[in-house]
Amino acid sequence: MDLRLPRLQDLLRRPRRLGAAVAAVVVLAGAGTWTAADDDAPPVRRTDRVMDMGGGVRIDTSYFTSPDAGRRPAVLLAHGFGGSKNDVRQQAQDLARDGYAVLTWSARSFGESTGRIGLNDPRGEVADVRELIDWLAKQPQVQLDKAGDPRVGMAGASYGGAIALETAGYDDRVDAIAPAITYWNLADALFPNGVFKKLWAGIFVNSGGGCEKFEPQLCQMYERVAESGTPDPEAVKLLQERSPSAVGGRIKVPTLLMQGQTDSLFPLGQADAAAKAIRANGAPVDVDWIAGGHDGGDMETSRVQARVQSWFDRYLKDDKAADTGPAFRITRTGGVDSTDGQALRRGASDDTYPGLESGRKTFALTGREQSFANPAGANPPAVSALPGLGGGGLAQLSSLGVGVSLDFPGQFARFESARVTDDVRITGSPKVTVHVESTSDDAVLFAKVYDVGPGGTQQVLPSQLVTPLRVEGAKAGKDVTITLPAVDHDVEKGHRLRLVLASTDLGYASPAAPAAYTVSLKGDLTVPTAPGVTTAAAPLPAWVWWLPLAGAVVALALLLTGRRRTSAAAPDPDLAEVPLQITDLSKRYAKSADRYAVKDLSFRVEKGQVLGLLGPNGAGKTTTLRMLMGLIKPDDGEIRVFGRAIRPGAPVLSRVGAFVEGAGFLPHLSGRENLELYWAATGRPAEDAHLDEALEIADLGDALARAVRTYSQGMRQRLAIAQAMLGMPDLLILDEPTNGLDPPQIREMREVLIRYAAAGRTVIVSSHLLAEVEQTCTHIVVMDRGRLVQAGPVAEIIGSGDTLLVGTGTPLEEAVVEKIAALPGVVSAVRTDDGLLVRLDADGSARRLVVELVRLEVPVESVGPHRRLEDAFLTLIGGSA
């Protein structure tokens, strides 16, 4: 088999897929639906198609358009490695509403697509995308620059960002791109300076489904390098050929590069190389360093997607008024918000991209020549980043000044600067030259620069990044200039910079044979400061402005309402023992006279019930809970809790505990101190708090004595729920209580809620985890588009005989499903992974349904009642979730 790449000029010459056997995309199946994120948003039509690319490869796609007339630019949205087209569905809908025709797809071997993973092989994944561009050129909604040439942009993150870059190099019909947290040269990313990035490479293979899911030459390459621990020239060549850098000289379209600062997989240097190459071609390039990355942290999704949209508005719609942002932007992290414990972030920018070398300052390092060991088996390894940890990980802690790295004595050398006399902001890649000698032919070292606080005990590794390097010919001694990882980090006055050269690192492969390394300094440490980058001034907290005014407003309100309290709705004695009665509740959208978030909603909750409030996004669940808490007023109808009408500040709200839309904690206080402070603010006696019971529920152990700023998301979630339970309220309201909890914690939370209600109290849970609701709740209320769909006991709803699960031999086409839904006695029919869910009306029967299905030539394999809440939910809302 000839595995050589076709010539670049041949690839660029062909508007169609490589290979004579395939002349065009074949659409195998298609189905369309209309969707809307909420009642304020215009509808978007989504059409799902499976396209045959030849050679047994089928690509699952979704095409999004708004009902607006006329042609519009197109956008191809790509997903990340291990994901599918569903990961970018919301962004696709948003772009479609903004006037784009959007096509998403699952790459080879991901989602419902077939084929083997080629890591964006020009003859595989890139050729697939070129076929998708061919298809877009034939769609009546898509603007054309000329026949067969649609106006099209591409965006995606990680694996999806790389395919955007590569396609722009292989197909000159691409007009603008916005890749994020991606690579320029995959060989440099996985084999930096000749060292194998073993943990990330293993994660790659595992998240792809195992080595057998990859093209054979990729699988063989991985197994060969993983076994030897050393990348060979063939491995480097194979990955380079599948990298954007291979066609870097041909990418000549406006490019927005967004790269993560907390990213040990694709660090900032990858975006820097891309920016230099594309700008050299004469194309406009903006660079944005976001707070998050593959190691976790804040991905700034809303801001990033808004900037991508503006980029496409400018370069696809030719809207010269579109604000594409500065040429260079950084999100800077420092300190924590005292209201919610989240990291504080501000933007910094420059009118030009400074690169990684701008404004270098020199810091002399001291330290004698030092020898240290590479231990046998490279064990124990030093720890810097923890690939795949996510959730902010160690990099998030380092941005907040928490040191979490580990170097083992006898396995590293260190050199240190004097205390810095002024604050220094490092923006870019520090550099240093050292002399290396080894008892082995090659030495593998891991270089890093720590920020060391006063006293020398607290050291922080910025973004938890290291530079690995293989020094060949080290036995004879060699001078090596080390380019350290690019970071944006503030070194405070009085701190020191510490250069560490270690022999091992957990994320990389080191030689298994023992060796001794000797290292000495050959020059000073230089650090870039990017003096042209300016940080936006921090605005005064909002409360500085609104607190005095709010105080006056509150005083006036108290004066006026104090005279009117006698006119409030009288208690209803018949409902005095009923935890909740909602009657004809309605809430309009702001500035709308006839569009409702909640419309004519009525239901009742009794003592001892655990009620699940269910509905798709935009159903009105959160609006209902906010009205129940007295946070917003209904336009019509009423809410009564234990017979008393709910209004802002109603005394009966003291019998209600709630966790809705997150809780605010003081980050410098411990978990226990936060709960004690919260209860004290209520003015109620300390003995009424039942604090020990709430702490037992939180199950935080010794962490209760730690500052909340050190808590994980799951720990914060449990603390917030414990706060809601303080005082053991008679009515407990929880919005998505299991977010951030692992499976054992979810099971414990289920038991807590069941026990809580068993004591005669009432719990209302809003959740998207339908399986969990089914096991936890006694009753459910299903909402859709602001209205009540069904209410009743869980067992009754999922066990009623009006819904049947029809097993089919093969998937049914949408046209057949529509015919079944129109049959006499059928209320709705919805496709599922198992076949078809059919809901019958009072006149319907299973026997009659089977007869009709046979008449329609449906391949029926089984018919029976369904027993899952998820099935019942999808049936009730008609599959619109």
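**Walking through the chain**

Tutor: A378 is buried, at 13% relative accessible area. Buried means under 20%, exposed means over 50%, and partly exposed is in between, with a 1.4 Å probe and protein chains only. This is a predicted model, where local features need pLDDT of at least 70, side-chain atom pairs count only at pLDDT 80 or more, and totals for chains, interfaces and linings use all residues. Residues are numbered from 1 along each chain as its sequence is written, and side-chain values use heavy atoms, leaving out hydrogens and water.

Student: What about D600, what is its phi?

Tutor: Near 50°, again positive and again not a glycine. D600 belongs to strand β30, residues 596-605. D600 has 40% relative accessibility, so it counts as partly exposed.

Student: Zoom out. How many helices and strands does the chain have?

Tutor: It comes to 22 helices and 42 strands. Of its 881 residues, 53% are buried. Take contacts (heavy atoms within 4.5 Å) between residues at least 6 apart in sequence: 74% of them join residues at least 24 apart.

Student: Helices next. At what angle do α3 and α4 pack?

Tutor: About 70°, with the axes 10 Å apart. Axes are lines fitted to C-alpha atoms, for helices over the stretch in contact, and angles run from 0 to 180 degrees between N-to-C directions. That makes α3 roughly perpendicular to α4. The cut-offs are 65 to 115 degrees for roughly perpendicular, under 35 for roughly parallel, over 145 for roughly antiparallel, and oblique for the rest. The crossing is right-handed, meaning the near helix is turned clockwise from the far one by less than a right angle.

Student: Which residues make the contact?

Tutor: From α3, E125, V126, V129, R130 and I133; from α4, Y159, I163, E166, T167 and Y170. They divide into six nonpolar, one polar and three charged. Here Ala, Val, Leu, Ile, Met, Phe, Trp, Tyr, Cys and Pro count as nonpolar, Asp, Glu, Lys and Arg as charged, and the others, Gly among them, as polar.

Student: Now sheets. What is the strand order in the open sheet of six?

Tutor: β34-β35-β36-β31-β37-β38, with mixed pairing. Two strands pair if DSSP finds at least two bridges between them. β34 (656-659) and β38 (787-793) each have a single partner strand, so one side of each lacks a neighbour in the sheet. Neighbouring strands are turned by 15° against each other on average, ignoring direction.

Student: How many bridges hold β34 to β35?

Tutor: Four, in the parallel sense. F659 stands opposite L734 of β35. Helix α17 (residues 743-758) lies across β31, β35 and β36, at about 145° to β36.

Student: Jump to β41. How many of its residues are buried?

Tutor: Six of its six. β41 pairs antiparallel with β39 over five bridges, where L804 is partnered by V838. It also runs antiparallel to β40, through six bridges, and there R831 is partnered by L836. A hairpin of two residues links β40 to β41.

Student: And A842, buried or exposed?

Tutor: Exposed, because its relative accessibility is 81%. A842 lies in the loop between β41 and α21. Its C-alpha is 9.2 Å from that of V826, 16 residues away along the chain.

Student: Which residues does N185 touch, leaving aside neighbours within four places in sequence?

Tutor: Q240, S243, S245 and Q270. N185 sits in the loop between β9 and α5. N185 counts as buried, at 10% relative accessibility.

Student: Last one. Which strand does β18 pair with?

Tutor: β24, antiparallel, over five bridges. I426 is partnered by H489 there. Four of the five residues in β18 are buried.
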